Amino acid sequence: MDSTLDKKLLGFRQIAQEKLRNILYSIPLEKDLVIEPALIKPLEHVVGASWLRKNGIDKIYKFDPKNPPPKRKQFLYFLSANLLQFKSALDQISSFQSQTSSSLMVAEADRTGHGQYHVVVFPLVLASFEQLLEEEGLYGSVQLYSFQWDFIALDQGLLSLELPNVFGDVFVREDRSMLGSIAQSLRVFNMVAGRPNMVFTLGENSEKVFQMMQRIDAGKKVKSGAGKEVPDFSTMLIVDRDRDYPSCLLTPVVYSGLLLEIHKFVSGSLTIESSGNKIKSGKLTILQKDEPQKSKQESTNLRMNATQDVIYQENRYRHFSEVIGLLSSQAKALGLEGKMYSKDMKLSEMKDYVTNKLPKVAAQKKELFKHLLLCETIVDEIGGNFEKHQLIEESILTNTNRKQIMSYIDELMAADAHKYNTLRLICLYHVTLGLTSEDMTKLMTAYLNAFGYHHLTVFNSLTTARLFPDTTNLTKAKILSQISIPILKSPFQIEANKLKLLPTDSNDSNTPVSSPTSPTGPGKKQQCPSYVFNGNYIPLVAQLSQMILSATSFDELNNRFGHLERLKLGAKNFVPKTIRELSITSAKAEVNLLLPLKAKTIFVFVVGGVSYAEVAACHVVEKWTGGKIILASDTVLSGCDLIESVVGC
C-alpha cells in the first residue's frame with residue numbers, strides 16, 4: 001500500500017511535465033528561457049536542463065531586471081505571479097522591441113502566428129497582467145500562459161505546492177487570488193488518489209478552497225476521482241494557518257525543525273552559507289559578536305529527503321539532544337571502519353577494500369561531517385539560551401509567570417534583539433494570553449527603538465493576521481477591556497484543553513499525553529506528538545488527525561469537535577456543515593456508516609504553510625494509530641519565515 005501510494009504521489013511530476021510540454025510545443029522554433037531565480041529550485045523537481053533542451057529550449061538565463069540577456073531568438077520568460085516582476089519583464093521586452101524594426105517584428109509574428117516573446121506565469125495569469133500588457137502597448141506581441149506544477153514531493157509523506165508567499169497574501173493583504181490555484185491542485189490530487197469519503201475544513205479560507213473545488217467539478221460536470229471506487233485516502237483535512245499559530249511560533253526541538261531555524265530552505269533544499277545564517281542576519285549589527293574572519297567558502301546544500309540522505313532519514317524527527325550523541329557514535333564507528341586496512345590483507349582483499357569499501361566510507365564521512373557542522377551551528381546560535389527560552393514558552397502556554405515573561409522579552413530587546421524571532425515571541429504571547437494595552441505599547445516602543453520607526457506598519461500587518469492586538473482607535477472602552485485581570489485559564493487555554501493540545505493540563509487517558517515514557521526531556525521515548533515542543537504542546541493538525549483516525553462513530557466526533565464552530569464536514573451526499581448542525585440531520589447516519597475508517601489514511605493540507613514540527617508530530621500519530629498521514633501545504637516554513645513574510649508585506 002505505502003510503496004504504491006508513494007509512487008502514485010510521484011506521478012504529479014509527470015502531470016506537470018505534460019503541462020509544460022504542451023506549452024513548449026505550442027511555441028514553434030527554438031527559444032531561450034529566462035527564469036526567475038526563485039523558481040529554479042522547485043522547477044528542478046519537475047524537469048532538468050536536458051529535458052528542457054529536448055523540448056525546444058536552447059539557452060537558459062536567470063531573470064535579472066537590470067541586466068537583460070542577449071537577444072538571440074524567441075524569449076520565453078518564466079515568472080511568478082508578481083506584478084512588479086512582470087512589469088520588469090515587460091520593460092525588457094519593450095527595450096528589445098525598440099532595438100528591432102517594428103516591421104520585422106510584425107512580419108515574424110504573421111509568419112509564425114506568434115510574437116517573439118512569451119511569458120509563462122506561475123501559478124496563473126492574473127487579470128492585472130492582461131491589463132498591464134495592454135497599458136504597455138504590448139498586447140498581441142507578448143503571449144501569456146499559466147503553468148502550475150501542483151504537488152512536489154519534498155520527502156516521504158510531505159508534499160508542497162511551492163506557491164510564493166501565500167500566508168502574506170491571504171492572511172495579511174487579504175488577497176485570496178491564490179486560493180483558486182490551491183483548489184485546482186487539490187482537485188488534481190482527487191483525480192489521482194480518488195475523492196475522499198469525508199472532507200473536513202477548519203477556517204474561512206479552507207472552506208473557500210473546498211467550495212471552489214466543488215464549483216470546478218460542477219462546472220466541468222465531473223466529480224474528481226469519481227471513477228475510482230476505493231479512494232486512497234478516506235479523509236481530507238484542510239486547515240487555515242491562523243487556526244494554530246503556536247505550531248509555527250513555538251521553537252521546535254526536532255532536528256529538521258531546528259535546521260530551518262538557522263538556514264534558508266527552498267523546495268526541500270537547505271542552503272548552508274559559510275558567512276551567515278538567518279539568526280545572524282536578523283540581529284542588530286551592534287549586538288553581533290566580532291568573530292575572526294574565515295576563509296571564504298562556497299555555500300553548500302543539504303537535500304532534506306530521507307531517500308537521498310540516510311543520516312537525515314535516521315535523525316530528522318529526533319529530539320536534537322539525541323542527534324548529537326548518535327552522530328558522535330557514528331563518527332567513531334566510521335573511524336574504526338576506516339582503520340580496517342591492514343598490511344596483512346591478501347592482495348584480493350586489499351583490492352576489494354580500496355575499490356568498494358573505501359569510497360563508501362569516504363562518502364559517509366563527508367555526509368556525516370556536514371551534519372556535525374550543522375549541529376555545531378545550532379548549538380552556537382541558539383544553544384546558549386535554549387533552555388531558558390523553552391521555559392518561557394512553557395510559561396506562556398500555561399499562563400504562569402507573566403512578569404517573568406515580560407522581563408525576558410525586555411531582556412531580549414536590550415541585549416539580543418532579533419528582527420523576526422523577537423516579534424515571534426511577542427506574537428506567541430498575544431495569541432495565547434492576550435497583550436494588555438500597556439504591554440502592547442511598551443513592546444511596540446522597544447521594538448521600534450531597536451529596529452527603527454519605519455517598521456511601524458509591521459504591527460498593522462500583524463493585527464490583520466490576528467498576531468497582534470488592534471493598535472488603532474484605542475477608545476476608553478477598548479482600553480478597559482484590555483486591562484489585565486488575573487484568570488486561571490486564558491481563552492486559548494480553554495480551547496486548547498478541549499482538544500487536549502496541552503498535555504501538561506490533560507487528564508484524558510485516551511490521549512497520548514506526556515508520561516514517564518514521553519519526551520519531556522532528552523533521552524525519553526517519543527510516544528507523544530508533544531515531544532516536538534519538549535512535551536508542552538501538540539500541533540493541532542496532529543491532534544485532529546489522531547481523533548479522526550481513531551473515531552468509531554458520529555457521536556464520538558460530536559463529543560470531540562462539536563464545540564468547533566469553524567470545523568465543517570462535507571461528504572459526497574451532503575454539503576459541508578458543522579458537526580453540531582449535522583447531528584440533527586439525516587447526514588449523521590451516513591457518517592456513521594463511514595466510521596470507523598476502513599482505511600486509516602488521511603490527507604492534510606495547511607493553507608499558509610506547514611512546519612517540520614507538525615510533520616514530525618504527524619509521524620508519531622501514524623505510529624500510534626497505525627494510520628497513514630500525508631501532510632501538504634503551499635510551502636514549508638519556520639516561525640521566523642512566517643514573521644518575515646508579514647514584515648515584508
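The legends below describe close-up views of a predicted model.

**Figure 1. Confidence along the chain.**
The chain has a mean pLDDT of 86, and 84% of its residues reach 70 or more. Confidence is highest in strand S9 (residues 235-240), at a mean of 98, and lowest in helix H5 (residues 102-112), at 46. For residues 102-107 the pLDDT is below 50, and this stretch has four contacts in the model beyond near neighbours in sequence. Residues 109-113 also have a pLDDT below 50, and here five contacts are found beyond near neighbours in sequence.

**Figure 2. An open sheet of five strands.**
The strands are arranged in the order S2-S1-S3-S4-S5, and their pairing is parallel. Strand S2 (57-62) and strand S5 (142-146) are at the edges; each has a single partner strand, so one side of each has no neighbour in the sheet. On average, neighbouring strands are turned by 20 degrees against each other, direction ignored.

**Figure 3. Strands S3 and S4 with two helices.**
Strand S3 (residues 74-80) and strand S4 (residues 117-122) run parallel and are joined by six bridges. Leu79 has Val121 of S4 opposite. Helix H4 (residues 83-98) lies across S3, S4 and S5, at about 165 degrees to S3. Helix H6 (residues 127-135) lies across S3, S4 and S5 as well, and runs at about 175 degrees to S5.

**Figure 4. Leu467 in the largest nonpolar core.**
This core has 178 residues, and Leu467 and Phe603 touch the most other members. Beyond its neighbours within four places in sequence, Leu467 is in contact with Phe167, Tyr245, Leu249, Cys427, His430, Val431, Leu462, Leu642, Ile643 and Val646. A second, separate core has 19 residues, among them Val34, Ile93, Val119 and Phe129.

**Figure 5. The aromatic pair Phe151 and Phe605.**
The structure holds 27 aromatic pairs. In the pair of Phe151 and Phe605, the ring centres are 6.2 Å apart and the planes are at 80 degrees, so the pair is edge-to-face. Phe151 is in the loop between S5 and strand S6 (152-155), while Phe605 is in strand S15 (residues 601-607); the two are 454 residues apart, and the pair links distant parts of the chain. Phe151 and Phe605 are both buried. Ring pairs also link Phe151 and Phe605 into a cluster with Phe12, Phe189, Phe233 and Phe603.

**Figure 6. The aromatic pair Tyr447 and Phe459.**
The rings of Tyr447 and Phe459 are 5.8 Å apart, centre to centre, with 90 degrees between the planes, and the pair is edge-to-face. Tyr447 belongs to helix H19 (residues 437-451) and Phe459 to helix H20 (residues 456-464), 12 residues apart. Tyr447 counts as buried because its relative accessibility is 0%. Phe459 is buried too, with a relative accessible area of 1%.

**Figure 7. Helix H23, mostly covered.**
Helix H23 (residues 540-550) has 11 residues, of which 10 are buried. The buried residues include Leu540, Val541, Leu544, Met547, Ile548 and Leu549, and also Gln543, Ser545 and Gln546.

**Figure 8. Lys208 in helix H9.**
Helix H9 spans residues 204-220 and contains Lys208. Lys208 has a relative accessible area of 30%, so this residue is partly exposed. Leaving aside neighbours within four places in sequence, Lys208 is in contact with Arg176 and Leu179. The C-alpha atoms of Lys208 and Ala183 are 8.7 Å apart, and the two residues are 25 residues apart in sequence.

Notes: Residues are numbered from 1 along each chain as its sequence is written. This is a predicted model: local features need pLDDT of at least 70, side-chain atom pairs count only at pLDDT 80 or more; totals for chains, interfaces and linings use all residues. Side-chain values use heavy atoms; hydrogens and water are left out. Helices (H or I, at least four residues) and strands (E, at least two) are DSSP runs, numbered from the N terminus. Buried means under 20% relative accessible area, exposed over 50%, partly exposed in between (1.4 Å probe, protein chains only). Contact means heavy atoms within 4.5 Å. A nonpolar core is a set of buried Ala, Val, Leu, Ile, Met, Phe, Trp, Tyr and Cys residues joined through side-chain atoms within 4.5 Å. pLDDT is the predictor's confidence in each residue, from 0 to 100. Two strands pair if DSSP finds at least two bridges between them. Axes are lines fitted to C-alpha atoms, for helices over the stretch in contact, and angles run from 0 to 180 degrees between N-to-C directions. Rings of Phe, Tyr and Trp (its six-membered ring) pair if their centres lie within 6.5 Å; planes under 30 degrees apart count as stacked, over 60 as edge-to-face and the rest as tilted.
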